[in-house]
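Reader: Could you walk me through this model? I'd like to start with the packing inside.

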Amino acid sequence: MKILVTVGTTRFDKLIKQIRAISALPDMADNFFMCQKADGLSNSETHNFKEVNFIQSIENHYSEYDLVISHAGAGSIFSLLDYEKKIIIAPNLDRLDKHQSDIARYMGDKQFALICWNVEDIERLINIACSFQPNKFELVRFFKNDEFIDLINNA
């Protein structure tokens with residue numbers, strides 16, 4: 001399985017370090033992990049583990065991966081849902097603001113994604129992801145643009 005790990009623009013060394021550790025396990029040897037790590041710590045590359053600081057137009061690469069492990073940034077999550085990717089969301093709980101917890105909880109409650117509350121659980125969740133069938137996310141437009149335009153045009 002090809003797995004993309006993305007942390008956006010904020011360091012999440014704990015997650016990347018855990019991914020590097022599990023990539024060396026015998027039962028993970030057939031998987032390939034590509035980690036977009038922001039400006040975090042560097043690990044040595046192996047046959048199934050690679051990391052980069054930035055991936056230009058990352059959404060153009062989603063189709064290359066079977067599974068995406070993502071921080072709980074709203075932009076990343078909604079983009080992945082739009083591409084109908086299997087996702088493990090790992091909220092970065094070390095951040096001062098806790099909005100990632102709220103987004104992750106919602107996505108997990110609605111079964112749009114698997115949630116990793118503790119990075120030590122990531123191997124177990126990768127194995128679960130093989131058979132996990134997420135609910136389909138349907139974007140509900142909450143802006144009333146069309147109604148406002150009609151009101152303006154008919155004023």
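Author: We'll go through the cores, a helix pair and one glycine.
This is a predicted model, where local features need pLDDT of at least 70, side-chain atom pairs count only at pLDDT 80 or more, and totals for chains, interfaces and linings use all residues. Residues are numbered from 1 along each chain as its sequence is written, and side-chain values use heavy atoms, leaving out hydrogens and water.

Reader: OK, which residues touch the most other members in the largest nonpolar core?

Author: Leu-15, Ile-19, Ile-69, Ile-88 and Ile-126, out of 25 residues. A nonpolar core here is a set of buried Ala, Val, Leu, Ile, Met, Phe, Trp, Tyr and Cys residues joined through side-chain atoms within 4.5 Å; buried means under 20% relative accessible area, exposed over 50%, partly exposed in between (1.4 Å probe, protein chains only). Another core, of 20 residues, lies apart from it and includes Val-68 and Leu-80.

Reader: What does Leu-15 touch, skipping residues up to four places away in sequence?

Author: Val-5, Val-7, Ile-69, Ala-90 and Val-119, with contact meaning heavy atoms within 4.5 Å.

Reader: Switching to helices: which residues make the contact between H1 and H4?

Author: Gln-18, Ile-19 and Ile-22 of H1 meet Ile-122, Glu-123 and Ile-126 of H4. Helices are DSSP runs (H or I, at least four residues), numbered from the N terminus.

Reader: And Gly-75, buried or exposed?

Author: Gly-75 is exposed, at 56% relative accessible area.

Terms used. Helices (H or I, at least four residues) and strands (E, at least two) are DSSP runs, numbered from the N terminus.
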